Amino acid sequence: MLAKSYTVSFQGIDVHPVTVEVVINNGLPNFNIVGLADKAVGESRERIRACFHNLGVAFPAKRITVNLSPADVPKEGAHFDLPIALCILAALKVFDTVQLEEYIALGELSLDGTINQCVGILPASLHALESEKGIICPYQSGNEAAWTGISNIIPAKNLLDLINHFKGDQIISPPVAPTNIAAHTFSVDMKEVRGQVMARRGLEIAAAGGHNVLMSGPPGAGKSMLAQRFPTLLPPLWPEEALEVSIIHSLSGLLPDSGLVTQRAYRDPHHSISMPALVGGGAKAKPGEISLAHHGVLFLDELPEFPRYTLEALRQPLETGEVLIARASNHARFPAKFQLIAAMNPCRCGYLGEVERECSKAPLCGKDYQGKLSGPLLDRFDLFIQMQKIDPKDLVLATDDGEDSATIRARIMSAIDFQHERGQRYKNADFKSAELLAQLEPDEALSELLQKAFDRFSLSARGFYRLLKVARTIADLAHHEKINKEHLLEAMQFRMVV
Ligand SMILES: Nc1ncnc2c1ncn2[C@@H]1O[C@H](COP(=O)(O)OP(=O)(O)OP(=O)(O)O)[C@@H](O)[C@H]1O
Ligand SMILES: [Mg+2]
């Protein structure tokens, strides 16, 4: 008897359809899985055998062959347990195999028959929707599947429920996607940051245009504090962005219970992070921190402390907005359009430039420390913020708080509305250079200033466009159609040599 069920395999964020075929023949008792299965899939055999035994389903003393087709696509993960178990049950005529044709099934089996949560239900549901199928998934992942709008969902708690469902003895009811997600509240606010006017303005521009920022300053100036408060300024995730981000989180098993990510990510890995953990990869080609920060923020504190080769790996994704991980057997592509916020001290002791405190190696130690960052990496930052130490007296004596996040965010949202009004659907940081130049139309004063900027900062072509993009955002914050001299001058203040 031949039975078939359907599932998927993941390669990066790409989903490939997989057909499970089971044939039970007479012969020496044997249970084989073929079709480029990894160790987790191979171990399915033991889980399924024990699970059947515990549910009281007699495992046939026959030759069982499971084929995962297409045979040349690698199959990774424990989610193959459920489609294989269902297919064997259909081959044993426990229920009609035709019923499985309408579904894609994913789930990991426990030895007692419980269907455990597995990664990737959201992208699998989208695939099911496209192929006009339903989805059989773990009970806890029902919400995740429901967000895609797919109507035929069977969220099953255990294999016995599923058997009864297909035999018509019991109906498993579909989940209802939550329609309202509670608005996210932050426990921190920009008003807690005293002084640092330049840094606050820099972050406002960065949030309005999606620009990369490097903050440099002495210890205790408030760099980490400002970065932690940066997400309070960001616009909400637009619906299409939320879906992309949720797919990546689904593949990493990091989706919240509501089933959708609705808040821009803020990832702040420690500088001891390995390269595969940062950019993605490892034996199973998992999304890295840069992909988890897709459409959100990647904060790298103490930037020069990160290993050089780890930082250099960021260069390509920073330009292309995605990372391609190549393995001998397969290629995985993950989106990684993130906003890079970084902080550093000007030198190892941190007090370079403060005559009373700097160490005896100054200023050479500064050159040495800053030299850990390569020119190409620095060229990818749009805004450089040089911070000074804050006088403790200002902390105690200042009576009024700084502007709060809500006020700054209102200005940022108004600048983003201004961008949308001119038909722009991307962030200023993603402006195509030709389009940026086309709308520049410099007058004499602006041309003169641009010439000065070339000479003063010895700009690369990339640096020049990044300067213009920042000026564009400053113009947007002021609701100006055209970039003028003032906007460019302010952008130049953030274009310093580290
Ligand atoms: N501008 C500020 N306003 C209010 N509090 C501040 C400010 N700067 C620093 N602080 C206080 O000092 C603490 C340390 O600041 P923070 O960790 O941001 O410093 P840092 O610049 O990141 O230093 P380091 O270079 O050592 O990492 C903050 O938690 C906060 O309590
Ligand atoms: Mg810090």
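Helices (H or I, at least four residues) and strands (E, at least two) are taken here as DSSP runs, numbered from the N terminus. On that reading, K372 sits in the loop between α14 (364-370) and α15 (375-378). Everything below concerns a predicted model, in which local features need pLDDT of at least 70, side-chain atom pairs count only at pLDDT 80 or more, and totals for chains, interfaces and linings use all residues. Residues are numbered from 1 along each chain as its sequence is written, while chains are lettered from A and ligands numbered from 1 in the order in which they are written.

A residue is called buried if 20 or more other C-beta atoms lie within 10 Å of its own, exposed if 12 or fewer, and partly exposed in between, with C-beta atoms placed from the backbone. K372 counts as partly exposed because it has 16 C-beta neighbours inside 10 Å. Contact between two residues means that their C-beta atoms, placed from the backbone, lie within 7 Å. Setting aside neighbours within four places in sequence, K372 is in contact with P304 and R308. K372 and P304 are 68 residues apart in sequence, yet 5.8 Å apart in space, C-alpha to C-alpha.

Now for the chain as a whole. The secondary structure comes to 21 helices and 18 strands, and the C-alpha trace spans about 85 × 50 × 45 Å along its principal axes. Of the 498 residues, 42% are buried. Among contacts between residues at least 6 apart in sequence, 72% join residues at least 24 apart.

The chain is divided into domain 1 (2-167), domain 2 (190-423) and domain 3 (431-498), with bounds that come from an automatic or database domain assignment. The centres of domain 1 and domain 2, taken over C-alpha atoms, are 41 Å apart. Across that boundary, 16 residues of domain 1 are in contact with 20 residues of domain 2. On the domain 1 side, the elements giving two or more residues are β1 (2-11), α4 (121-130) and α5 (142-146). Sorted by class, that side has nine nonpolar, four polar and three charged residues; here Ala, Val, Leu, Ile, Met, Phe, Trp, Tyr, Cys and Pro count as nonpolar, Asp, Glu, Lys and Arg as charged, and the others, Gly among them, as polar.

Next, the packing. A nonpolar core is a set of buried Ala, Val, Leu, Ile, Met, Phe, Trp, Tyr and Cys residues joined through C-beta atoms within 7 Å. The largest one holds 130 residues, of which A85, C87 and I135 touch the most other members. Helix α3 (residues 81-91) gives the most to this core, nine residues in all. With neighbours within four places in sequence left out, I135 is in contact with Y103, I104, A124, S125, A128, A145, I150 and I153.

Strand β8 (residues 134-138) runs parallel to β9 and is joined to it by four bridges; two strands pair if DSSP finds at least two bridges between them. In this pair, C137 stands opposite P155.

F52, in helix α2 (residues 44-55), is buried because 20 other C-beta atoms lie within 10 Å. Beyond its neighbours within four places in sequence, F52 is in contact with V57 and F59. The C-alpha atoms of F52 and E192, 140 residues apart along the chain, are separated by 59 Å.

Around ligand 1 there are 17 residues, and P219, G222, K223, S224 and M225 come nearest; being near takes a C-beta atom, placed from the backbone, within 6 Å. Helix α8 (residues 223-229) supplies the largest share of this shell, three residues. By class, the shell has seven nonpolar, eight polar and two charged residues.

The peptide bond from S69 to P70 is cis, with omega near 5°, and P70 lies in the loop between β4 (63-69) and α3. H295, in the loop between α11 (289-292) and β14 (297-300), has phi near 60°, a positive value in a residue other than glycine. H479 also has a positive phi, of about 55°, although it is not a glycine, and is found in the loop between α20 (461-477) and α21 (485-493). As for their surroundings, H295 counts as buried, with 24 C-beta neighbours inside 10 Å, whereas H479 is exposed, with 11 other C-beta atoms within 10 Å.
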